[in-house]
Amino acid sequence: MTATPLLSDLTTRAKAKAHSRTHPHPCPCPCPCGADTLTDRPDGTVVRHADTVAKAHAPDTTPTELTARLALAARLPGILLPPLSPTPVDLHGRLVTFWPYGAPVDPEDPDAAPWEEAATLLARLHRTPAPPGLPPMRGPAKAARAIARLRATTPQTLQPATEPVLRAWAALPAWARGQTPAPGTPDPGTPAPGTPDPHPDDGPALTTLCHGDLHLGQLVRHPAPDGPWLLIDVDDLGVGAPAWDLARPAAWYACGLLPPDEWTRFLAAYRTAGGPAVPADGDPWPALDVAARALTVQTAALAIVKATAADRPLDEVQQAVVDACARMGSVPPELTQGHAK
């Protein structure tokens with residue numbers, strides 16, 4: 001990892017914020033508080049100092065949208081981890097937010113993965129009325145960005161893997177590719193509440209709160225180490241199709257990467273908590289199929305990009321996701337009624 005002015009100054013900001021919360025004195029050198037770089041990527045840099053986390057968001061983050069998402073997180077402390085401040089600050093042209101530290105899921109203990117807790121939090125989020133002005137959920141936009149990265153990479157050695165991924169992507173409906181709003185989701189031209197609907201036959205506007213990027217890395221215990229589980233990362237939070245939040249575990253299950261027992265536990269907990277993304281009983285797949293396909297394609301695209309950058313073949317898990325794309329690419333999701341496996 002290469003030191004950059006952003007990373008260095010973000011670490012300094014995190015240290016100052018941490019000590020403003022606890023005591024006014026600077027750390028001795030070497031600092032006993034514990035400091036880590038948790039993530040350092042072009043689309044997000046996250047550092048921790050003691051009980052405080054600072055995040056530099058992606059360069060294209062919109063201030064008004066991020067502020068709306070922060071305000072929602074502050075209003076839902078039992079579902080989302082609340083920020084330490086409701087307003088982002090600028091650092092080297094990047095928006096920075098501050099958060100309390102929470103203990104993440106232990107990747108070395110998969111049997112303890114909080115599938116039921118994740119599902120219950122999602123159901124509670126999906127059942128919460130969306131405040132006015134919240135932007136759309138960004139899941140489909142992230143999938144489209146993954147495909148753009150794949151196309152820009154244009155790997156020659158992995159071209160056989162690329163073709164089925166792009167074919168599966170082309171078979172998805174436009175909303176799942178980020179080209180149009182999700183069915184029922186208000187677009188930017190939608191009239192304000194109270195204005196007569198010029199298209200009353202289109203059905204009710206979908207205003208379900210969605211996380212937009214749900215996976216086990218988006219859960220922490222706060223207060224650490226054994227507080228309740230909460231959702232983190234508001235970058236993709238917004239209104240949209242709630243099935244997207246169930247799509248990653250559904251896709252893993254369909255690809256054979258998530259054991260049936262864990263998928264069943266996740267789905268049952270979501271239904272028990274009254275989640276609206278799937279019917280209360282019966283086959284959930286018609287409601288999940290499109291989103292699960294889209295997340296499978298996104299995962300496969302990023303796998304190829306990473307393997308190409310590392311100049312190595314796909315590993316077994318990555319190949320399984322690409323193989324799933326090859327199976328799905330020839331049948332449009334609108335025509336699929338059964339299980340994706």
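Me: Helices here are DSSP runs of H or I with at least four residues, strands are E runs with at least two, and both are numbered from the N terminus. How many helices and strands does the chain come to?

Reply: Before counting, note that this is a predicted model, where local features need pLDDT of at least 70 and side-chain atom pairs count only at pLDDT 80 or more, while totals for chains, interfaces and linings use all residues. Residues are numbered from 1 along each chain as its sequence is written, and side-chain values use heavy atoms, leaving out hydrogens and water. With that settled, the secondary structure of the chain is nine helices and ten strands.

Me: What share of the residues counts as buried?

Reply: Buried means under 20% relative accessible area, exposed means over 50%, and partly exposed is in between (1.4 Å probe, protein chains only). Of the 341 residues in the chain, the buried share is 46%.

Me: How much of the contacts comes from residues 24 or more positions apart?

Reply: A contact means heavy atoms within 4.5 Å. Looking at contacts in the chain with a separation of 6 or more, residues 24 or more positions apart account for 71%.

Me: Let's zoom in on Trp115. Is Trp115 buried or exposed?

Reply: Trp115 sits in helix H3. Its relative accessibility is 3%, so Trp115 counts as buried.

Me: Which residues does Trp115 touch, and how far is Arg265 from Trp115 in space?

Reply: If you skip residues up to four places away in sequence, Trp115 touches Leu216, Pro249, Trp252, Leu258, Glu262, Arg265 and Phe266. Take Arg265 from that list: it is 150 residues from Trp115 in sequence, yet C-alpha to C-alpha the gap in space is 6.9 Å.

Me: And Thr208: where is it, and which residues is it in contact with?

Reply: Thr208 belongs to strand E7, residues 208-210. At 13% relative accessibility, Thr208 is a buried residue. Setting aside neighbours within four places in sequence, Thr208 is in contact with His126, Gly238, Val239, Gly240 and Pro242.

Me: How many salt bridges does the structure hold?

Reply: Side chains of opposite charge can pair when their charged atoms come close. A salt bridge here is a side-chain nitrogen of Lys or Arg within 4 Å of a carboxyl oxygen of Asp or Glu. The number of salt bridges in the structure is 13.

Me: Asp43 and Arg41 make one of them. What is the N to O distance?

Reply: Asp43 is partly exposed, with a relative accessible area of 38%. Arg41 is partly exposed as well, at 47% relative accessibility. Their side chains meet in a salt bridge, N to O, at 3.0 Å.

Me: Which residue forms a salt bridge with Lys55, and how far apart in the chain are the two?

Reply: Lys55 pairs with Asp235, the closest N and O atoms being 2.4 Å apart. Lys55 is in strand E3 (residues 52-57) and Asp235 is in the loop between strand E9 (229-231) and strand E10 (238-240), so this pair links distant parts of the chain. Both Lys55 and Asp235 are buried. The partner is Asp235, and the separation is 180 residues.

Me: Which residues are linked with Asp213 in a network of salt bridges?

Reply: Start with the side chains of Asp213 and Lys142, which meet in a salt bridge (3.1 Å, N to O). Asp213 lies in the loop between E7 and strand E8 (219-221) and Lys142 in helix H4 (residues 139-153), so the pair ties together parts that are 71 residues apart in sequence. Asp213 is buried, with a relative accessible area of 10%. The network links Asp213 with Arg138, Lys142, Asp236 and Arg248.
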